[in-house]
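I opened this notebook to keep a record of what I looked up, one topic at a time. The structure comes first, and my entries come after it.

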Amino acid sequence: AVCSMGNSTSRLYSVLAKTLSSGAVSQHQDCLEQLDSAQLDPIDPKDLLEECQIVLQKRPPRFQRNFVNLKKNTASNHRPIRVMQWNILAQALGEGKDNFVQCPMEALKWEERKCLILEEILAYKPDILCLQEVDHYFDTFEPLLSRLGYQCTFFPKPWSPCLDVERNNGPDGCAMFFLKERFELISSANIRLTAMKLKTNQVAIAQTLKCHETGRLFCIAVTHLKARTGWERFRSAQGCDLLQNLKNITQGAKIPLIVCGDFNAEPTEEVYRVFSNSSLNLNSAYKLLSPDGQSEPPYTTWKIRPSGECRHTLDYIWYSQHALNVNSALGLLTEEQIGPNRLPSFNYPSDHLSLVCDFSFNQDPDRLL
């Protein structure tokens with residue numbers, strides 16, 4: 001039963017409650033036509049958050065995380081640009097393939113889990129949102145986030161593992177969202193990554209945006225590299241291909257760059273070194289949380305599968321350190337918060353933690369070039 005919430009939010013609730021049962025892409029497109037977001041009224045984020053909290057009222061409250069101020073004594077004359085990176089866990093994989101042995105199936109119900117995901121996004125209010133493992137783009141994220149003022153882009157994997165799951169919701173892929181009031185889209189590229197000259201099943205989106213406030217251009221990219229042990233060289237080749245594409249798009253680092261992704265690679269892997277040593281002069285933002293500014297967090301994903309406990313650092317936000325400053329970064333969940341059964345859980349919707357950073361433009365970007 002749907003509880004009555006008054007006329008002002010009843011249509012909003014109907015969109016929030018909408019979940020497609022079919023995995024056919026054509027039906028996703030039909031849903032887009034039915035819910036043509038351009039013709040729907042804008043949503044007040046507070047109203048949507050309230051709706052999510054009503055759905056989640058039987059769940060424990062969301063974890064509290066604090067931002068760590070990293071700003072050096074450099075004045076900025078513009079509002080920071082908040083970027084959020086998150087592998088949200090594809091619904092079909094969470095329910096059908098990933099085998100989180102300590103997570104009750106009840107915690108993975110999409111009707112509630114999508115509200116946990118939305119609650120996390122609404123809590124941090126990113127200007128740019130980069131997601132992986134999105135398999136509910138057409139029926140959930142595009143209709144809702146477009147009404148919150150985001151421009152939305154989705155690029156599915158060519159052969160998504162979600163399609164192997166019965167009653168799936170279509171392929172998963174990468175998605176990017178940016179606030180239209182803050183940025184203008186200059187160019188957009190959907191990139192199917194190659195490795196050893198072969199096209200692969202992994203993808204990326206790269207968009208060049210113009211900041212309305214400063215007039216500055218920058219490029220934002222999202223990707224999700226090949227998973228699993230034994231594929232290290234493959235991931236490295238994918239990373240090299242992505243960097244080559246980004247070199248062309250940024251005119252060899254003339255345009256500042258931010259790259260968000262689940263790299264499925266620990267900092268000890270070759271693809272991490274490839275990014276660290278790239279001519280694009282990239283640094284990993286979350287290293288700045290460490291005392292020496294040189295070490296990645298101890299984990300960005302923590303789960304228990306039949307093979308045992310998996311605690312890894314796989315997710316990153318890379319940025320052009322000559323042109324951008326990291327003002328602050330969202331602290332990670334502690335082991336105590338995560339709890340003994342690890343992730344996902346009734347408290348947290350994904351097996352990966354969200355990463356959030358506030359960036360500002362360097363006032364003298366050519367100084368270090």
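The entries below go from the ground rules to a sheet, its helix, other elements, a few backbone angles and some charged pairs.

**Entry 1: ground rules**

I am working with a predicted model, in which local features need pLDDT of at least 70 and side-chain atom pairs count only at pLDDT 80 or more, while totals for chains, interfaces and linings use all residues. I number residues from 1 along each chain as its sequence is written, and I keep in mind that side-chain values use heavy atoms, with hydrogens and water left out. For the names, I take helices (H or I, at least four residues) and strands (E, at least two) as DSSP runs, numbered from the N terminus.

**Entry 2: the sheet**

I looked up the strand order and found an open sheet of six strands, β6-β7-β8-β9-β13-β10, with mixed pairing. The edges are held by β6 and β10, each of which has a single partner strand, so one side of each lacks a neighbour in the sheet. I noted that neighbouring strands are turned by 20° against each other on average, direction ignored. For pairing I used the rule that DSSP must find at least two bridges between two strands. By that rule β6 and β7 are antiparallel over eleven bridges, and within this pair arginine 192 stands opposite valine 203 of β7.

I then followed strand β13 (residues 315–320), which is joined to β9 in the antiparallel sense by five bridges and to β10, also antiparallel, by three. Cysteine 260 has isoleucine 317 of β13 as its bridge partner, and serine 284 stands opposite tryptophan 318 of β13.

Helix α7 (residues 232–249) has 18 residues and reaches 26 Å from its first C-alpha to its last, close to the 26 Å expected at 1.5 Å a residue; the expected span is 1.5 Å times one less than the number of residues. I see that α7 lies across β6, β7, β8, β9 and β10, running at about 145° to β6. Such angles run from 0 to 180 degrees between N-to-C directions, with axes as lines fitted to C-alpha atoms, for helices over the stretch in contact, where contact means heavy atoms within 4.5 Å. Among the buried residues of α7 I listed Phe234, Arg235, Leu242 and Leu246, and their cover includes β7, β8 and α8 (270–276).

I checked helix α6 (residues 137–147) next; eleven of its eleven residues are buried, so the rest of the structure largely encloses it. For α5, I noted that 13 of its 15 residues are buried.

**Entry 3: backbone angles**

I found glutamine 251 in the loop between α7 and β9, with a phi near 55°, a positive value in a residue other than glycine. Asparagine 281, in the loop between α8 and β10, has a positive phi too, near 60°. The peptide bond from leucine 343 to proline 344 is cis, with omega near -10°, and proline 344 is in the loop between α9 (335–338) and β15 (355–361).

**Entry 4: charged pairs**

Side chains of opposite charge can pair when their charged atoms come close. I counted a salt bridge when a side-chain nitrogen of Lys or Arg is within 4 Å of a carboxyl oxygen of Asp or Glu, and the count comes to 17.

Which residue meets arginine 235 in a salt bridge? I found glutamate 269, at 2.9 Å from N to O. Arginine 235 is buried at 1% relative accessible area, and glutamate 269 counts as buried at 11%.

Arginine 273 pairs with glutamate 270, the closest N and O atoms being 3.0 Å apart, and both lie in helix α8, three residues apart, about one turn of the helix. Arginine 273 is partly exposed, with a relative accessible area of 38%.

How values were computed
Buried < 20%, exposed > 50% of the residue type's maximum accessible area, 1.4 Å probe, protein only.
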